[in-house]
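Subject: A structure for you to explore

Hi there,

Here is the structure I promised to pass on. Have a look at it first, and then read my notes below.

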Amino acid sequence: MSNAITLHDFGAAYEKKTVLSGINAAIPAGQITAIIGPSGCGKSTLLKAINRMLELETDADIQGSIHINGKDIHTIPAEELRRKVGMVFQTPTPFPMSIYKNMTYAPLYYGVRGRQKLDKIVRENLEVTGLWEEVKDELNKSALKLSGGQQQRLCIARALTANPEILLLDEPCSALDVKSTQTIEELLLKLKETYTIVIVTHNLFQARRIADNCIFMLNGEIWEQNTTEELFNNPQRQETKDYLQGVYA
C-alpha cells in the first residue's frame, strides 16, 4: 500500500519553544488515520503543518520534511498544495454568504466558469455529504442559518469542491451532538473510498469506530503508530497504555 503522506525528522517551534520534534510517520493512502493524544501534545500543529498552514503562524520555525505522494511540500506552490490537501476545522466555518456561494467559492477561484458547471459541482458535493435534499430549495439562504451539523457537512462539501486528494479534519465533531457526530462519521467512512483522511480527535471511541490507523502523540512527539486494532488492543508503549486508560487528560 502506498503512502499519501510521509514525515521525516519533522519539528516545529514557536518563539523558540519546541512544539513538535522528531516526527517520523507514514500515512497510508485511501484510509482514515486518527491522531490521538492529550490536549497540548501537538496534534493540531502537526495537522496544520501538512498543508503548510503552520508557516502562516508568526515566528514559526520548521525543520525536517513532509512529502505528499512522494513530493516535498516545499516544492509545491502553497496554493496548489492547499488545493490538494483540504482542511476542515474544529468549529464549523461557513463563509457569511449563501450556501451556493460557499460551494462555488473555490471553483470560481480556480477558474471554473459557467452556471451549468457550477451547478453540477454544487449538487454533486452536497449529495456526497448528504446535504442536497436538505438544502436544495434554499441554496440562496445564508449558510450561517444552518444547524451546527449541517454547517460542518457544508464545510466538508466546500473542501471537496477543490478536488483534493487528502482531507485533514481537526476535531470536526467536538461541537456537535450525537446524531450529527454519527452523520459525520458515516460520511467519512464513505469518503475514504475516494480520499485519504487524517483526523485529529480526542474521542477515543470515534477513533476506534472509524480509523484504520492511529498515531499516538505525547509532548510533541509520536510515541506509537499502528493499525487501530493493534494500537488499542496491544499497545507497545506504557505511555500509550496509560493514555488509553485515562491517565492523561
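**What I found**

Ile215 has Gln225 in strand 10 as its bridge partner. These two belong to strand 9 (residues 213-218) and strand 10, which pair in the antiparallel sense over 6 bridges. Two strands count as paired if DSSP finds at least two bridges between them. Helices (H or I, at least four residues) and strands (E, at least two) are DSSP runs, numbered from the N terminus.

A word on the source: this is a predicted model, where local features need pLDDT of at least 70 and side-chain atom pairs count only at pLDDT 80 or more, while totals for chains, interfaces and linings use all residues. Residues are numbered from 1 along each chain as its sequence is written, and side-chain values use heavy atoms, with hydrogens and water left out.

As background, strands of a sheet pair through backbone hydrogen bonds, either parallel or antiparallel.

Strand 7 pairs with strand 6 in the parallel sense over 4 bridges, and Val85 stands opposite Ile166. Strand 7 also runs parallel to strand 8, joined by 5 bridges, with Leu168 and Val198 as bridge partners. Between strand 7 and strand 8 the chain passes through helix 7 (residues 178-191), in a right-handed β-α-β crossover. Right-handed means that, with the strands pointing away from the viewer, the path from the first strand over the helix to the second runs clockwise.

Finally, the whole chain. It has 10 helices and 10 strands. The C-alpha atoms fill a box of roughly 55 × 40 × 35 Å, taken along the principal axes. Buried residues make up 50% of the 249 residues.

Enjoy exploring!

Key: Buried means under 20% relative accessible area, exposed over 50%, partly exposed in between (1.4 Å probe, protein chains only).
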